[in-house]
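Please open the model in your viewer and keep the sequence panel beside it. The tour below goes from one selection to the next and says what is to be found at each stop.

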Amino acid sequence: MEYKSYLKQLLEATIKNNASDFHIAKGRPPVMRISRKLVFFSKENKFTAEDTKNLAFALMTEEQQQRFLIEKEIDFSYSFESKA
């Protein structure tokens, strides 16, 4: 799977639905927060551990990825094509 393009599709759907947040977690399909409620992407499969890692890494720079692998946590923001 091409994770960057898949992530772009998910983020575009998140914006289209006026969601405030987008969540990824192992064992669950992608989730948006819309009007304080968690709404699952109904047509998407549950993420594997590999999916979750690759989607998260698609958001991070190489430096952030390395820091995450060492520290096992990271806090960062992401700007999506000046849309969100």
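Colour the chain by pLDDT to begin with, since this is a predicted model: among the elements of the protein chain, S1 has the lowest mean pLDDT, at 93, while S3 has the highest, at 97. Over the protein chain the mean pLDDT is 94, and 100% of the residues reach 70 or more.

Next, select the strands, starting with S1 (residues 21-23) and S2 (residues 31-34), which pair in the antiparallel sense over 3 bridges. If you show Phe-22, you will find that its bridge partner in S2 is Met-32. Keep Met-32 displayed and turn to S3, where the bridge partner of Met-32 is Val-39; S2 and S3 run antiparallel and are joined by 4 bridges. The hairpin of S2 and S3 has 2 residues between the strands, and Ser-35 there takes a positive phi near 50 degrees.

Which residues of H1 are buried? Select Tyr-3, Tyr-6, Leu-7, Leu-10, Leu-11 and Thr-14, for these are the buried residues of H1. They cover an arc of only 135 degrees around the axis, and therefore sit on the same side of H1. As a general point, an α-helix has 3.6 residues a turn, so residues three or four places apart point the same way. On the other side of H1, Gln-9 and Lys-16 are exposed. If you then ask for what covers the buried residues of H1, the cover includes S1, S2 and H2.

From here, turn to the aromatic rings, of which there are 3 pairs by the criterion used. Show Tyr-6 together with Phe-47: the two form an edge-to-face pair, with 6.5 Å centre to centre and 85 degrees between the planes. Tyr-6 and Phe-47 are both buried.

A second pair to select is Phe-57 with Phe-68, again edge-to-face, at 6.2 Å centre to centre and with 90 degrees between the planes. Phe-57 lies in helix H2 and Phe-68 in helix H3 (residues 62-71), so the pair ties together parts that are 11 residues apart in sequence.

Finish on helix H2, where Asp-51, Thr-52, Leu-55, Ala-56, Phe-57 and Ala-58 are buried, and where the cover over the buried residues includes H1 and H3. Centre the view on Thr-52, which lies in this helix, H2. Thr-52 has a relative accessibility of 17% and counts as buried, because the cut-off for that class is under 20%. Leaving aside neighbours within four places in sequence, Thr-52 is in contact with Ile-24, Ala-25, Lys-26 and Phe-47, and Phe-47 is the ring already displayed as the partner of Tyr-6.

Terms used
Residues are numbered from 1 along each chain as its sequence is written. This is a predicted model: local features need pLDDT of at least 70, side-chain atom pairs count only at pLDDT 80 or more; totals for chains, interfaces and linings use all residues. Side-chain values use heavy atoms; hydrogens and water are left out. Rings of Phe, Tyr and Trp (its six-membered ring) pair if their centres lie within 6.5 Å; planes under 30 degrees apart count as stacked, over 60 as edge-to-face and the rest as tilted. Buried means under 20% relative accessible area, exposed over 50%, partly exposed in between (1.4 Å probe, protein chains only). Two strands pair if DSSP finds at least two bridges between them. pLDDT is the predictor's confidence in each residue, from 0 to 100. The arc is that of the directions from the helix axis to the C-beta atoms. Contact means heavy atoms within 4.5 Å.
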